[in-house]
Amino acid sequence: MIETAVGAGAAFQPTEYVSGDFSSGLLLICDHARNTVPPGYGDLGVPAEQFERHIGYDIGARAVTLELAERLRAPACLTTFSRLLIDPNRGEDDPTLIMRLSDGAVVPGNAKVDAAERAYRIAQFHKPYHDLIDDTLSAMIEVAAPPVIVSLHSFTPVWRGVPRPWHVTVLWDTDNRAVKPMLGGLRSQDDLIVGDNEPYDGALKNDTMYRHGTGRGIAHVLLELRQDLIADEAGALEWADRLEPVLRQIAQDPECRQVRQYKSRTDKR
């Protein structure tokens with residue numbers, strides 16, 4: 001069951017929750033699921049077409065997340081607000097938490113964000129999402145072995161004029177318990193080009209996976225799917241088909257269902 005409400009004024013809810021089987025072995029999360037701006041913020045001064053780009057949200061990621069949640073009977077936690085308002089995949093002290101300029105697009109509504117507004121956005125949008133993940137993890141651990149956290153994102157097929165060859169990439173820090181079977185399962189599909197920590201590095205201090213995975217000693221993996229492959233319903237279904245058997249295998253792996261602490265590469269910097 002999906003629990004969400006995006007409405008006017010105080011009715012705006014910053015999270016979307018899909019209930020599932022707490023013993024499923026998986027918790028799905030989607031940091032950049034929607035491109036919605038809450039009431040009171042207008043359009044942040046950004047043209048409507050910019051919200052349809054990757055700077056507004058991760059195109060296709062929500063559809064894949066919801067389809068996998070249904071198939072796997074796994075709980076899922078998603079945001080309902082655009083990353084242009086505040087980026088839930090950044091630590092509260094990260095300078096890119098609220099972007100004034102995003103891939104060439106100026107965000108006038110963020111130009112004069114002061115400490116008070118920053119704190120307000122954290123409290124109203126950023127924190128409720130992370131609280132939802134924390135609470136769901138704790139509830140799952142009460143009834144079963146710790147789940148594997150699976151984060152769904154998407155990336156652009158071209159960046160600054162350079163094509164990106166990967167169909168899917170796996171991002172990670174140092175905990176490779178879920179990463180190894182994920183890479184193996186994807187690479188066994190001969191028609192895929194699979195990236196390993198490309199085009200981004202999976203080690204980011206205080207991001208979502210650092211906070212809930214590394215911080216709690218829970219196995220985790222972040223998937224980046226190329227946006228043009230999941231931009232429509234057919235693409236989302238195809239990728240759910242590809243990912244479902246791999247995730248089922250990971251959920252049944254005892255090595256992945258333990259609390260085990262790993263040091264982050266970011267802690268050495």
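This is a predicted model: local features need pLDDT of at least 70, side-chain atom pairs count only at pLDDT 80 or more; totals for chains, interfaces and linings use all residues.
The buried residues of α4 are covered by elements that include β10, β11 (194–196), β12 and α7.

**Helix α4 and its packing on α7**

- Within α4, the buried residues are V179, P181, M182, L183, G185 and L186.
- The crossing in which α4 passes α7 is right-handed, and the contact is formed by P181, M182, G185 and L186 from α4 together with L243, V246, L247, Q249 and I250 from α7.
- By residue type, this contact of α4 with α7 consists of seven nonpolar residues and two polar ones, with no charged residue taking part.
- L186, once its neighbours within four places in sequence are set aside, is in contact with V168, V170, L192, V194, L223 and L243.

**The nonpolar cores**

- The largest nonpolar core has 40 residues, and the members that touch the most other members are V150, M182, L186 and L243.
- At least two residues of this core are supplied by each of β3 (26–30), α2 (61–72), β4 (76–79), β7 (148–155), β10 (168–171), α4, β12 (220–226) and α7.
- Among the contributors to this core, α7 provides the largest share, with eight residues.

**Helix α2 against α7**

- Helix α2 also packs with α7, here at an angle of about 45° and with the two axes 9 Å apart, and α2 and α7 are therefore oblique to each other.
- As α2 passes α7, the crossing is right-handed.
- On the α2 side the contact involves A63, V64, E67, L68, R71 and L72, and these meet A236, L237, A240, D241, L243, E244, L247 and R248 of α7.
- The residues of this contact of α2 with α7 divide into nine nonpolar and five charged, with no polar residue among them.
- L243 and L247 of α7 are listed in the contact with α2, and L243 and L247 are also listed in the contact with α4.

- F155 is found in strand β7 and is buried, its relative accessible area being 1%.
- Leaving out residues up to four places away in sequence, F155 touches R164, W166, H167, T169, P199, Y200, E224, L225, R226 and Q227.
- F155 and F125 are 30 residues apart along the chain, and their C-alpha atoms are separated by 23 Å.
- R53 sits in the loop between α1 (48–51) and α2, where R53 is partly exposed with a relative accessible area of 27%.
- Not counting residues up to four places away in sequence, R53 touches I59, D103 and A105.
- The C-alpha atoms of R53 and I29, which are 24 residues apart along the chain, are separated by 20 Å.

**Backbone geometry in the loops**

- Most residues other than glycine have a negative phi, and most peptide bonds are trans.
- The peptide bond from E198 to P199 is cis, with omega near -5°, and P199 lies in the loop between β11 and α5 (208–214).
- R73, in the loop between α2 and β4, has a phi near 55°, which is a positive value in a residue other than glycine.
- The relative accessible area of R73 is 54%, and R73 is classed as exposed.
- R160, in the loop between β8 (158–159) and β9 (162–163), likewise has a positive phi in a residue other than glycine, with a value near 50°.
- R160 is exposed, with a relative accessible area of 72%.

Notes:
Residues are numbered from 1 along each chain as its sequence is written. Side-chain values use heavy atoms; hydrogens and water are left out. A crossing is left-handed if the near helix is turned anticlockwise from the far one by less than a right angle, and right-handed if clockwise. Helices (H or I, at least four residues) and strands (E, at least two) are DSSP runs, numbered from the N terminus. Contact means heavy atoms within 4.5 Å. Ala, Val, Leu, Ile, Met, Phe, Trp, Tyr, Cys and Pro count as nonpolar, Asp, Glu, Lys and Arg as charged, and the others, Gly among them, as polar. A nonpolar core is a set of buried Ala, Val, Leu, Ile, Met, Phe, Trp, Tyr and Cys residues joined through side-chain atoms within 4.5 Å. Buried means under 20% relative accessible area, exposed over 50%, partly exposed in between (1.4 Å probe, protein chains only). Axes are lines fitted to C-alpha atoms, for helices over the stretch in contact, and angles run from 0 to 180 degrees between N-to-C directions. Angles under 35 degrees count as roughly parallel, over 145 as roughly antiparallel, 65 to 115 as roughly perpendicular and the rest as oblique.
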